[in-house]
Amino acid sequence: MIEYFTSREFLVLMAKMVAIFGGVMTALAYTTLLERRMMAFVQMRPGPNRVGPFGLLQPLADGLKFLLKEQVVPTNANVLLYYAAPIVSLIPALLSFSVIPFGPDLKITDLNVGLLFIFAITSLGVYGIVLGGWASNSKYPLMGAMRASAQMLSYELSLTLSVVGVLMISRTLSLAHLVTSQQGTWFGFIPRWNIFLQPVAFFVYVISAVAETNRLPFDLAESEQELVAGWHTEYSGMKFAMFFLAEYANMVTVSSIATILFLGGWNGPMFGPCWLQMALPTVWFVSKVFAFIFAYIMIRATVPRIRYDQLMQFGWKVLLPLALANILITSLVVALS
Amino acid sequence: MIQILFLLFAALAVGAAINVLVQKHVLYSSLSLIVMLTAVSALFILLQAEFLAVINVIVYAGAIVVLFIFVIMLLNLPVDEDGTDRLRWLKFAGIPLGLFLLFLIGATVWNVGVASSSTQMTGSPEAIGQSLFTDYVLPFELTSLLILIALMGAVVFAKKDV
């Protein structure tokens with residue numbers, strides 16, 4: 001036992017955990033800044049640009065402010081669940097990073113059911129929202145929580161079904177194997193990414209992912225005109241920050257899965273000296289993920305929110321049949337070839 | 001190490017299952033149910049059945065209990081004070097039925113034998129898919145038919161004028 005804790009593998013694993021956790025947390029903090037600056041840019045206003053050069057220290061200032069704020073608990077709130085909800089929402093969101101391969105070696109572990117593990121973990125995240133809304137004992141949070149639970153349940157179906165086609169082609173559930181199965185090119189210049197084989201699945205996945213992370217145009221759970229701030233109306237300070245971080249962590253997770261499943265993960269052109277070859281896969285992975293995040297931010301800035309009944313109709317009557325048809329056609333092609 | 005973890009999660013699962021029954025408030029019962037399901041999933045992982053563990057969380061903890069909680073919040077049920085009195089006779093029916101269930105589980109485990117489940121490949125998605133669509137295809141299809149009928153029944157109930 002003791003030998004294991006001083007062995008080289010253990011120390012390398014610990015170093016990886018620290019690197020990934022630190023990297024992800026920093027990335028999350030700066031995603032908030034990116035989102036605020038981008039939104040401001042679209043809306044022709046400067047955005048947060050006072051703290052540090054170009055506002056680059058804004059996330060630090062925000063973090064400090066969240067920590068120092070007074071802890072407010074509403075009267076008649078269910079205190080235990082009120083405190084537990086942000087934790088319940090943040091832990092699953094961060095836990096999913098334990099199986100995501102950021103590079104050929106930069107991953108904490110590789111489960112043979114890695115993809116399903118992420119789906120399982122993220123499906124628990126809805127409890128944070130639901131409990132937060134219920135425990136606040138206030139009408140807007142309750143409405144938001146109910147909408148969130150119905151919405152996430154509906155879109156989880158199309159999200160999960162949309163990846164089945166990819167899994168049938170790659171014949172694996174391990175995220176590392178999914179990435180290696182997309183190495184190489186067709187005709188010498190088209191990369192062997194699954195997006196070219198499964199464009200419909202990609203379309204369904206990306207839309208369901210926006211709905212799963214409760215972002216515009218599907219952010220009915222917190223739509224501010226109707227519900228003040230939805231399920232986190234009564235939250236402030238660090239507890240609100242945890243909800244906020246969980247939302248961004250989920251965004252990064254769904255973008256990472258989209259990258260791994262459809263855009264070849266850390267695959268990309270390799271060139272340059274040895275140290276560059278080591279770093280390039282992670283650079284490709286991170287830039288693909290940030291391309292998705294950038295798209296999410298742009299969608300939020302430009303697309304208006306849809307109505308609740310439209311949301312449900314779209315999920316059940318458009319996305320779900322599309323995902324099912326995609327599975328049917330893909331399985332036919334796979335069986336015949 | 002694995003033995004200790006197994007006992008720990010087994011105790012957690014049993015404790016949470018008892019808590020589901022003991023709690024007066026339905027919401028606490030459902031939350032306890034989630035803890036129980038997650039603990040059972042941990043047991044599956046320790047038995048090297050990762051696929052089963054993950055599916056257990058996705059289907060039950062991630063979807064079905066969310067629906068329970070959704071309904072509880074929708075109806076905003078008050079704390080159930082007198083419900084136990086109304087169902088008092090169930091206690092007496094429960095003891096023999098529970099013993100019968102224990103007997104059934106014991107008999108099954110006795111017949112199957114514990115050693116056969118420890119082979120390497122049983123928990124993998126391939127192995128489960130293979131056995132579902134070859135050896136157990138009839139029970140599998142019958143179960144899906146049953147679920148389909150239940151679904152159609154739910155739709156019929158939900159429609160006001162059929």
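Two residues are in contact if their C-beta atoms, placed from the backbone, lie within 7 Å. With that cut-off, select chain B: among its contacts between residues at least 6 apart in sequence, 55% join residues at least 24 apart.

This is a predicted model, in which local features need pLDDT of at least 70 and side-chain atom pairs count only at pLDDT 80 or more, while totals for chains, interfaces and linings use all residues. Residues are numbered from 1 along each chain as its sequence is written, and chains are lettered from A and ligands numbered from 1 in the order in which they are written.

**Stop 1: chain B**

Stay on chain B and show its secondary structure. There are seven helices and zero strands, in the order α-α-α-α-α-α-α along the sequence. Helices (H or I, at least four residues) and strands (E, at least two) are DSSP runs, numbered from the N terminus. Of the 162 residues of chain B, 17% count as buried. Buried here requires 20 or more other C-beta atoms within 10 Å of the residue's own; 12 or fewer is exposed, and in between is partly exposed, with C-beta atoms placed from the backbone.

Where pLDDT is low, the predicted coordinates should not be read in detail. For the model, ipTM is 0.74 and pTM is 0.81.

**Stop 2: between the chains**

Select the contact, with 20 residues from chain A and 17 residues from chain B. On the chain B side that touches chain A, helix α3 (residues 50-75) of chain B supplies the largest share, 14 residues. By class, that side of chain B has 14 nonpolar residues, two polar and one charged. Ala, Val, Leu, Ile, Met, Phe, Trp, Tyr, Cys and Pro count as nonpolar, Asp, Glu, Lys and Arg as charged, and the others, Gly among them, as polar.

**Stop 3: α2 and α3 of chain A**

Move to chain A and select helix α2 (residues 8-42) with helix α3 (residues 58-68). Their axes are 9 Å apart, and the packing angle is about 110 degrees. Axes are lines fitted to C-alpha atoms, for helices over the stretch in contact, and angles run from 0 to 180 degrees between N-to-C directions. The angle makes α2(A) roughly perpendicular to α3(A); the classes are roughly parallel under 35 degrees, roughly antiparallel over 145, roughly perpendicular from 65 to 115 and oblique for the rest. Show A:Ala29, A:Tyr30, A:Thr32 and A:Leu33 in α2(A), which meet A:Gln58, A:Pro59 and A:Gly63 in α3(A). This contact has four nonpolar, three polar and no charged residues.

In the loop between α2 and α3 of chain A, pick A:Met44. A:Met44 is not a glycine, yet has a positive phi of about 55 degrees. It counts as exposed, with 6 C-beta neighbours inside 10 Å.

**Stop 4: A:Arg171**

Next, pick A:Arg171 in the loop between α8 (164-170) and α9 (175-180) of chain A. A:Arg171 also has a positive phi of about 55 degrees without being a glycine. Its 12 C-beta neighbours inside 10 Å make A:Arg171 exposed.

**Stop 5: α13 and α14 of chain A**

Finish with helix α13 (residues 237-262) and helix α14 (residues 274-302) of chain A, whose axes come within 9 Å and cross at roughly 120 degrees. That angle makes α13(A) oblique to α14(A). Among the residues in contact are A:Met251 and A:Val252 of α13(A), and A:Phe285 and A:Lys288 of α14(A). The contact divides into eight nonpolar residues, three polar and one charged.
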